Amino acid sequence: NYTERATSLVAELLQEFQFEIDAVRIVPSSGGVFEVAVNGDLLFSKANLGRHAEPGEVMELFRKSVTSTS
């Protein structure tokens with residue numbers, strides 16, 4: 001169950017990028033899936049990497065994604 005992790009990540013993203021984010025969507029699933037995508041581009045996939053994100057890893061990937069599109 002990754003609900004707490006997902007909601008915590010959303011709160012962290014919104015705190016830092018509230019003016020850059022138009023919408024956030026959390027999609028509950030099963031089987032240990034934890035993926036983060038921005039505008040259809042997959043930033044992080046637990047299934048692909050075989051591990052969960054390290055602390056701050058998704059935020060750094062998001063930062064890079066935001067700065068590369070501005």
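**Close-up views of a predicted model**

With a relative accessibility of 16%, H52 counts as buried, because buried means under 20%. The views described below are taken from a predicted model, and residues are numbered from 1 along each chain.

View 1. The side chain of H52 forms a polar contact with the side chain of R5, at 3.2 Å. When neighbours within four places in sequence are set aside, the residues in contact with H52 are Y2, R5, F34, F44, K46 and E57.

**View 2. The salt bridge between E57 and R51.** Are the two partners buried or partly exposed? E57 has a relative accessibility of 19% and counts as buried, whereas R51, at 32%, counts as partly exposed.

**View 3. The salt-bridge network of E16, E60 and R63.** A search of the whole structure finds three salt bridges. One of them is formed by the side chains of R63 and E16, with an N to O distance of 2.9 Å. Because R63 belongs to helix α3 and E16 to helix α1, this pair ties together parts that are 47 residues apart in sequence. The side chain of R63 also meets that of E60 in a salt bridge of 3.3 Å, N to O. Both R63 and E60 lie in helix α3, where they are three residues apart, about one turn of the helix. Through shared partners, salt bridges join E16, E60 and R63 into one network. R63 is partly exposed at 29% relative accessibility, E16 is partly exposed at 39%, and E60 is partly exposed at 37%.

**View 4. The hairpin of β1 and β2.** Strand β1 (residues 35-38) and strand β2 (residues 41-45) run antiparallel and are joined by four bridges. Across the pair, V38 stands opposite D41 and A37 stands opposite L42. In a regular strand, side chains alternate between the two faces of the sheet. In β1, the covered face holds V36 and V38, and the uncovered face holds E35 and A37.

**View 5. The turn residue N39.** Two residues separate β1 from β2 in the hairpin, and N39 is in this turn. Most residues other than glycine have a negative phi. N39 has a positive phi of about 50° although it is not a glycine. At 75% relative accessibility, N39 counts as exposed. In sequence N39 and S65 are 26 residues apart, and their C-alpha atoms are 9.9 Å apart in space.

**View 6. A nonpolar surface patch made by L14, V24 and I26.** The patch formed by these residues has an area of about 230 Å². L14 is located in helix α1, which covers residues 3-17. With a relative accessible area of 35%, L14 is partly exposed.

Technical notes: Predicted model: local features only at pLDDT ≥ 70, side-chain atom pairs only at ≥ 80, totals over all residues. Heavy atoms only, no water. Buried < 20%, exposed > 50% of the residue type's maximum accessible area, 1.4 Å probe, protein only. Polar contact = N/O pair within 3.5 Å; in protein donor to acceptor, adjacent residues only side chain to side chain. Contact = heavy atoms within 4.5 Å. Pairing = 2+ DSSP bridges. Patch = residues over 30% accessible without salt bridge, like charges linked within 9 Å, V, L, I, M, F, W, Y side chains within 5 Å. Areas by Shrake-Rupley, 256 points an atom, 1.4 Å probe, with all protein chains shown as cover. Salt bridge = Lys/Arg side-chain N within 4 Å of Asp/Glu carboxyl O.
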